[in-house]
Amino acid sequence: MRLQGKTAVVTGAGSGFGEGIAKTFAQEGANVVVNDLNGAAAERVASEIALAGGRAISVTGDVTKIDDWLALRAAAIEDFGSVQIVVNNAGTTHRNKPVMEVTEAEFDRVYAVNVKSLYWSVQAFVPYFREQGGGAFVNIASTAAVRPRPGLVWYNGSKGAVVVASKALAAELGPDRIRVNCVNPVIGETALLTEFMGCEDTPENRKRFLAGIPLGRFSTPRDVANAALYLASDDAAFVTGVSLEVDGGRCV
């Protein structure tokens with residue numbers, strides 16, 4: 001039980017990578033706060049964790065709003081007494097398309113969900129972690145941050161901001177014993193798959209995307225969860241500022 005006695009907040013945990021992270025953390029002994037904008041999805045994941053013998057609560061909230069972050073922190077502390085881990089997983093993208101076709105509204109939404117959420121998580125939890133003597137952030141970025149490709153320009157940029165901000169936070173918050181790390185997944189079978197592909201999800205189109213991944217498959221929630229588990233655990237007590245690719249060799 002690598003997270004026994006710890007409490008983790010996981011955003012965007014109602015599906016996809018976030019759901020995988022929440023369930024894996026619970027299996028490893030953590031109390032899990034399942035956050036999602038979709039309250040029903042968050043409640044489903046929390047209920048499934050409880051049915052499997054874990055401890056979890058669901059908290060509906062918008063990661064682009066500070067009031068929702070403060071409510072999330074308060075709920076976690078009220079139910080579990082303390083928080084040691086925050087996983088910034090909630091994310092979105094604009095559809096894969098030429099840069100001149102991305103609207104201002106799409107741009108604003110991508111940066112609000114992918115970048116401003118990280119800002120608010122820091123505002124909400126850094127003072128608390130300082131009081132507690134430390135803590136850990138695990139931020140889910142993307143291989144798009146380190147090996148960007150055409151068609152996802154502003155998504156690439158938003159995830160690049162997550163990686164650079166995480167490294168800067170690691171340097172600044174290290175003296176407070178607050179660790180900050182990133183996981184960079186390659187494209188995976190999540191609800192955003194067709195948006196990342198920019199085309200219909202067909203065997204032929206999948207084959208085209210898989211051709212760039214040496215290990216020959218998409219990432220899975222379990223792949224991402226295992227990396228996040230390591231970075232959140234005491235096994236990584238001396239690891240901070242790391243950007244870990246979970247990509248089957250995509251970034252080689």
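These legends walk through a few close-up views of a predicted model. Residues are numbered from 1 along each chain as its sequence is written, and side-chain values use heavy atoms, with hydrogens and water left out. Because the model is predicted, local features need pLDDT of at least 70 and side-chain atom pairs count only at pLDDT 80 or more, while totals for chains, interfaces and linings use all residues.

**View 1. Gln-27 in helix 1.** Look for Gln-27 in helix 1, residues 16–27 (helices are DSSP runs of H or I with at least four residues, strands are runs of E with at least two, and both are numbered from the N terminus). Gln-27 counts as partly exposed because its relative accessibility is 49% (buried is under 20% relative accessible area, exposed over 50%, partly exposed in between, with a 1.4 Å probe and protein chains only).

**View 2. The surroundings of Gln-27.** Beyond its neighbours within four places in sequence, Gln-27 is in contact with Met-1 and Arg-222 (contact means heavy atoms within 4.5 Å). Gly-54 is 27 residues away along the chain, yet its C-alpha atom and that of Gln-27 are 6.7 Å apart.

**View 3. The two sides of helix 3.** In helix 3 (residues 66–80), the buried residues are Trp-69, Leu-72, Ala-75, Ala-76 and Phe-80. Seen down the helix axis, these buried residues fall within an arc of 125°, so they line one face of helix 3 (the arc is that of the directions from the helix axis to the C-beta atoms). Asp-67 and Glu-78, on the other side, are exposed.

**View 4. Packing and the end of helix 3.** The partners of the buried residues of helix 3 include strand 1 (7–10) and helix 4 (104–132). Gly-81 follows helix 3 and has a positive phi, near 90°.
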